Amino acid sequence: MSAEATNPATPGPVTGAAARWRARIDLRRLGRAALLGPAARDRMPDAIGHVAEAHRAHHPDADLEPLRRAYVLAESSHRGQMRKSGEPYITHPLAVTLILAELGAETTTLTASLLHDTVEDTEVTLDQVGEEFGAEVRFLVDGVTKLEKVDYGAAAEPETFRKMLVATGNDVRVMSIKLADRLHNMRTLGVMRPEKQARIAKVTRDVLIPLAERLGVQALKTELEDMVFAILHPEEYEHTRELIVDNASRADDPLAEVADEVRGVLREAGIQAEVVIRPRHFVSVHRTGRKRGRLRGADFGRLLVLVGEDADCYGVLGELHTCLTPVVSEFKDFIAVPKFNLYQSLHTAVARGDGQVVEVLIRTHQMHKVAEAGVVALGNPYASPSDPSEEQGASPDEERVDPTRPGWLSRLLDWQAAAPDADTFWSTLREDLAQDREITVFRPDGGTLGLPEGATCVDAAYEQYGEDAHACLGARVNGRLATLSTVLKDGDTVQLLMGQDPAAEPSKEWLEHAHTAAARIAIQRWIATHPTPRAPHDPEERNGAEALTVEEVQAARGEAERAKLSRPAAAEAPAGDTPDRAGRSTAESPVLDDPSARPGTANALVDQPGATVRLAGCCTPVPPDEITGFAVRGGVVTVHRVECAAVARMKDVGRKEVDVRWGDAAECRVTLFAESFGRPHLLADLTEAMAGEGAEIVSATVEPPSQQRVRHTYTVQLPDAALLPSLMRAMRNVAGVYDVSRAQTPGA
């Protein structure tokens with residue numbers, strides 16, 4: 001496939017900085033130059049004259065001697081090898097190096113690029129490369145060298161990418177070389193069989209293009225997209241090409257007219273700026289057509305305004321919004337908040353009188369360089385700050401930390417180490433790279449977590465705590481209780497509530513809400529290595545709320561390992577949806593109607609001879625609660641807390657209140673509600689804490705989990721009502737319990 005076949009027709013002349021990024025080189029002319037062989041030792045070989053010229057354009061003082069020596073070694077090593085296109089093989093490393101030189105790569109990257117296939121395809125060894133060119137070049141060449149199929153079989157390709165990504169984590173220049181290598185291979189893919197073209201195009205689409213986007217190398221990404229589009233969707237590609245050609249032949253050009261108008265506005269304002277037209281590439285035109293329907297002239301490109309300083313960007317924005325008609329909804333400030341791939345620019349749009357909308361990008365020349373070349377424009381990340389030409393001498397065997405390594409790459413490196421096999425790694429990598437937007441959430445301590453868009457609290461837990469996140473019980477999002485399934489938004493503050501049990505278990509249901517590869521792999525690995533038998537008499541497995549017998553409660557207290565209570569549920573609830581603790585009906589939270597669970601006469605007194613006093617089961621009053629009473633059938637007086645909902649209803653139906661008071665006896669019976677996140681052994685821990693405060697559990701009810709929360713109802717006998725506050729505190733201190741309250745709902 002020729003380069004021309006994938007380049008959009010240009011609607012108008014393109015000049016200045018923007019033109020450099022769309023330059024194309026005659027590769028066949030390069031091939032003929034390569035046949036001349038190396039020149040004299042004291043001068044640059046003719047074949048790499050183009051590389052040297054492009055390199056000096058970005059680095060005027062660069063030492064070209066390493067390039068000369070690298071070319072001599074590469075040409076002599078590849079001599080006699082031919083590409084399937086019929087050209088000498090040396091034209092491939094030359095073309096790859098030229099692509100990187102045009103993007104502004106520094107000398108070390110270009111040297112490694114010239115040598116990137118020598119170890120893989122010739123007799124040259126890594127040790128020879130290291131001895132001749134140093135540890136940095138050796139590391140880069142090793143990073144892009146493929147693993148042999150004879151050793152890895154079908155896993156060779158995914159394992160090669162795994163090796164390459166690990167190397168990229170130490171030095172992003174590895175991936176820069178790989179992307180340029182794939183771009184040149186795609187440019188010459190036309191000599192391959194159609195089925196092989198499709199296979200390579202799919203891998204490029206699923207892996208290389210997302211990596212180019214994440215590393216900010218837009219100049220490579222857009223051309224790769226167009227080539228993949230042409231191979232995998234030839235009919236739509238041809239239709240798009242016809243639209244671009246037809247638009248280029250039109251006499252009127254709305255983009256050129258608005259560009260002239262913008263130049264005039266900025267000239268009058270005294271702002272020095274370069275205004276150029278940026279034609280959309282094929283895929284961009286196709287996407288715009290699907291979004292807007294019928295395409296008009298302004299839809300085939302955008303205006304790019306280049307200025308000298310950051311402040312000038314906002315000056316340009318102000319003039320455009322003042323003198324032209326802005327489309328406010330199209331404004332985005334990626335200078336104040338850069339994208340995760342280093343991209344910075346102001347985006348806006350202005351409307352013409354005929355209704356066409358022209359998109360405008362405003363950035364400095366340096367921002368434009370980074371927008372096009374991404375990490376390639378950052379140079380050597382190991383150069384000494386005091387001397388940019390001096391490289392730090394890190395050994396290729398040492399673990400090196402690249403200061404330019406983005407958060408998404410760190411996450412990728414973390415989970416790939418846990419991927420059990422090549423197939424899991426390959427499928428997970430494609431899923432991970434498909435998430436091309438990132439959000440930032442804040443921790444309560446002021447730290448931040450970078451997560452892909454759509455991430456949940458489950459993902460945040462594994463991002464912050466790794467496999468210790470198995471003990472996560474819940475979360476607060478922006479200060480409000482939230483389920484672990486809650487989807488996070490950019491700028492949210494997330495506090496993760498962690499248990500202390502070292503044997504904590506993740507839930508299978510968490511997989512439904514795990515958006516990141518790290519979370520999914522950690523949960524899957526735990527489940528695979530910890531098959532858990534179904535626990536007998538598990539309260540969660542019962543239908544509806546059931547009472548636990550005293551024997552069951554005692555068994556749970558004494559044998560925690562047998563009580564597999566409350567796993568987190570998968571149902572999602574809005575952040576901050578707090579449990580209802582007041583006014584719930586009997587059906588919603590049943591209080592046991594078992595005689596053994598009914599409160600006794602306790603120590604409440606009434607001035608009615610022969611009356612039986614009974615504490616109401618709906619609110620279980622205890623000293624020193626303010627109380628009132630009502631006479632019911634059989635000469636019984638029920639005693640309620642004055643704030644009990646039943647009191648108001650009895651008054652409404654005409655029941656007369658009876659004066660009651662507390663006697664001297666301190667023993668009492670009370671019903672407590674405990675609200676918790678689900679986790680194993682919670683029942684055992686709760687009952688143990690209650691027993692430690694001297695409480696005798698009369699009855700207990702545990703409801704099935706709802707929205708990842710579990711509701712417990714305990715009726716307990718206390719030897720002294722004064723123990724109630726400390727009992728409730730002890731229950732709240734149990735990991736996973738976030739609230740304990742007194743019963744306040746009407747009883748049966």
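I take two strands as paired if DSSP finds at least two bridges between them. The model I consulted is predicted.

**Entry 1: the four-stranded sheet**

I looked up the strand order and found an open sheet of four strands, E16-E18-E17-E19, in which the pairing is mixed. I noted that strand E16 (612–615) and strand E19 (657–658) stand at the edges; each has a single partner strand, so one side of each is left without a neighbour in the sheet. I then turned to the pairing of E16 with strand E18 (residues 636–641): the two run parallel and are joined by four bridges. Within this pair, I recorded Leu615 opposite Val639 in E18.

**Entry 2: helices H11 and H12**

I next examined how helix H11 (residues 156–170) packs against helix H12 (residues 173–187), and found an angle of about 130 degrees with the axes 7 Å apart. On the H11 side, I listed Met164, Leu165, Ala167 and Thr168 as making the contact, and on the H12 side Val174, Met175 and Lys178.

**Entry 3: Asp117**

I located Asp117 in the loop between helix H6 (107–114) and helix H7 (118–121). Which side chain of opposite charge is nearest to Asp117? I found Lys146, 6.9 Å away. A salt bridge requires a side-chain nitrogen of Lys or Arg within 4 Å of a carboxyl oxygen of Asp or Glu. I accordingly recorded Asp117 as buried yet without a salt bridge. Leaving aside neighbours within four places in sequence, I found Asp117 in contact with His78, Tyr89, His92 and Thr122.

Notes: Residues are numbered from 1 along each chain as its sequence is written. This is a predicted model: local features need pLDDT of at least 70, side-chain atom pairs count only at pLDDT 80 or more; totals for chains, interfaces and linings use all residues. Side-chain values use heavy atoms; hydrogens and water are left out. Buried means under 20% relative accessible area, exposed over 50%, partly exposed in between (1.4 Å probe, protein chains only). Lys and Arg count as positive and Asp and Glu as negative; His and the chain ends are not counted. Contact means heavy atoms within 4.5 Å. Axes are lines fitted to C-alpha atoms, for helices over the stretch in contact, and angles run from 0 to 180 degrees between N-to-C directions.
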